[in-house]
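Subject: Structure for you to look over

Hello,

Here is the structure I said I would pass on. Please open it alongside these notes.

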Amino acid sequence: MSCLESYREGHSFLHHRDARVKLLVSLALVACLSTVGVQHPSRLAICAALLGVLLLLGRLSPGLVVRRSLIVLPFLLLPALSMPFLQTTAVSPWVMVAVIAVKSWLAAVALVALMTTTRFEDLVDGAARLGVPRLLTTLGSFMYRYLFVLLDEVRHMNDARLLRSGVRGALVPGARIAGSLVASLFVRTYDRAERIHNCMVVRGFAGTMAPIAPQRCSAADWALLALALVAMLGAVLV
Amino acid sequence: MRESVVEQTAPHIGLHQLRFQYGDGTLALQGISLTVNAGESVALVGPNGSGKSTLLMHLVGLLQGQGEIVVAGLPVVKTHLPEIRRRVGLVFQHPDDQLFLLRLYDDVAFGPRNQGLAPDDVHARVTEALARVRLDGYVDRVAHHLSTGEKKRAALATVLAMQPEILLLDEPSSNLDPRSRRDLQRILAELPVTKIIATHDMEFALALCNRAVILDAGQVVADGPCRALFADADLMERHGLEVPASLCAPACC
Ligand SMILES: Nc1ncnc2c1ncn2[C@@H]1O[C@H](COP(=O)(O)OP(=O)(O)O)[C@@H](O)[C@H]1O
Ligand SMILES: [Mg+2]
């Protein structure tokens, strides 16, 4: 739950930047990192430097960033790690693994910096303003919100089950109980989703999320964007 | 809050022979006729399963039964739904369903934004609504970390931000501790709009409404002044309700 609820209230420079700019900068950074190979140590260094600047601008504590990035890392790393063993190159596969591990971790840190300093709603809104279809962004915010609904229901049901069975600490229920739990979870979540939908419809919801306050890019936003683009351009050209 | 704009001729809310059956065959409403005038506060009381929620959902077009319904002077038909939903606010029983977004501000702003208001107006609406429910300063709070009492008030704010002229409340006092219940009661008493309060909390109904409509098994079984109806022990007993303590003769308590 806490890794989903990732936004941290704050008043740093990065917190106050337009979501679109932060989204673009993070995407550029991740894209640039993905092109880093064994033969590009300077590209990796420039990416790392930009990332360092972002962390400073966001006044993010290293402990928090490391903890969160390690949660994200497996998802990025697993597919990437299978690659060196599929190719045959001059470099030792272990060097390649090391490079891939480092760049994946840096990409994870970039995402953490983005998610920690930007509200999910602003992120979704920013994506819509950048041209991502509203339907997709609405879907994204629903999935995000319903994830919490689902977790809520799971927690309630698990509490009820523990109370009735009297077995404390049994985290993994027996297969038969688990089956019926999943079935009733489905029904409950469906009912709940319908009630939530009703609440929205009654308040004038017509299919897509209405845009949040239009943000105007300030000079600081442009400056951050320019800095990041120059750095990324440099990294690719070096 | 906007003053109610009603033509004197048409009733604010009118139901004629409303019938509704759920998909599984449950006859939830069996011919309900009712009128409510502008400015009235009406308690819709009845035991669990008597059809209170089903009735409220018809008033905003979430369910469609047979019969005629007029709300805010408009027949409840598809083409009028956007207008009706602008003028009628429904606060559901479970605040968790109403607080959909993560930040309270966005939840309260949801309705006004859907109305297409400019950001400054949205902001003014949010501020006013939160002040009315005594949650000023809660804009950045994460909705699912509030207490039940706060959630109920927050859910009310999400509807007040739309400045409805009719307010429908489904079991507003359920699951509240005495203090939260009193706070909510005070807040509701201050709202100068037409109210229909579905509840089986008799004291709450008595405190907020002059008139009661008693529902049982999908039918209106009584309609009259709260005090007279609630003090009728026979009537209460027959329909699974209870004479509120404040109306009890000393002997019965
Ligand atoms: N979604 C549903 N499907 C089938 N029956 C329902 C549904 N919701 C409510 N009912 C039934 O309709 C009747 C009225 O329910 P409801 O309006 O929720 O009553 P109340 O709000 O007064 O407790 C009850 O018998 C209830 O079981
Ligand atoms: Mg109900």
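**Helix packing in chain B**

H6(B) and H7(B) run roughly parallel to each other, since their crossing angle falls under 35 degrees. A word of caution before going on: this is a predicted model. The angle between the two axes is roughly 15°, and the axes come within 9 Å. H6 covers residues 148–160 of chain B, and H7 covers residues 178–189 of chain B. Their crossing is right-handed. From H6(B), the contact takes B:Gly149, B:Arg153 and B:Leu156. Facing them in H7(B) are B:Ser180, B:Leu184, B:Ile187 and B:Leu188. By class, the residues of this contact are four nonpolar, two polar and one charged.

Two helix pairs are worth a look here.

Start with H2 (residues 41–57) and H4 (residues 93–117) of chain A. Their axes come within 10 Å and cross at roughly 25°. The pair is therefore roughly parallel: H2(A) alongside H4(A). H2(A) passes H4(A) in a left-handed crossing. On the H2(A) side, the contact residues are A:Leu44, A:Ala48, A:Leu51 and A:Leu55. On the H4(A) side, they are A:Val102, A:Lys103, A:Leu106, A:Val109, A:Ala110 and A:Ala113.

Next, H1(A) and H8(A). Their axes lie 10 Å apart, and the packing angle is about 10°. That makes H1(A) roughly parallel to H8(A) as well. H1(A) contributes A:Val21, A:Leu24, A:Val25, A:Ala28, A:Leu29 and A:Cys32. H8(A) contributes A:Asp221, A:Leu224, A:Leu225, A:Ala228, A:Met232, A:Ala235 and A:Val236. Sorted by class, the contact of H1(A) with H8(A) has twelve nonpolar residues, no polar ones and one charged.

**Salt bridges**

How many salt bridges are there over all chains? The count is 16. One of them joins A:Arg17 to A:Asp221, with the closest N and O atoms 2.6 Å apart. This pair links distant parts of the chain, 204 residues apart. A:Arg17 sits in the segment before helix H1 (19–34) of chain A, while A:Asp221 belongs to helix H8 (residues 219–237) of chain A.

**The interface between chains A and B**

How much area do chain A and chain B bury between them? The figure is about 2600 Å², with 62% of it on carbon and sulfur atoms. In chain A, the residues that lose the most area to chain B are A:Arg145, A:Val202 and A:Arg203. Together they account for 32% of what that side buries. The contact draws 27 residues from chain A and 28 residues from chain B.

Two salt bridges are counted between chain A and chain B. Look at the side chains of B:Asp97 and A:Arg195, which meet in a salt bridge at 2.5 Å, N to O.

Best wishes

Methods. Residues are numbered from 1 along each chain as its sequence is written. Chains are lettered from A and ligands numbered from 1 in the order in which they are written. This is a predicted model: local features need pLDDT of at least 70, side-chain atom pairs count only at pLDDT 80 or more; totals for chains, interfaces and linings use all residues. Side-chain values use heavy atoms; hydrogens and water are left out. Axes are lines fitted to C-alpha atoms, for helices over the stretch in contact, and angles run from 0 to 180 degrees between N-to-C directions. Helices (H or I, at least four residues) and strands (E, at least two) are DSSP runs, numbered from the N terminus. Angles under 35 degrees count as roughly parallel, over 145 as roughly antiparallel, 65 to 115 as roughly perpendicular and the rest as oblique. A crossing is left-handed if the near helix is turned anticlockwise from the far one by less than a right angle, and right-handed if clockwise. Contact means heavy atoms within 4.5 Å. Buried area is the accessible area (1.4 Å probe) that two parts lose on being put together, summed over both. A salt bridge is a side-chain nitrogen of Lys or Arg within 4 Å of a carboxyl oxygen of Asp or Glu. Ala, Val, Leu, Ile, Met, Phe, Trp, Tyr, Cys and Pro count as nonpolar, Asp, Glu, Lys and Arg as charged, and the others, Gly among them, as polar.
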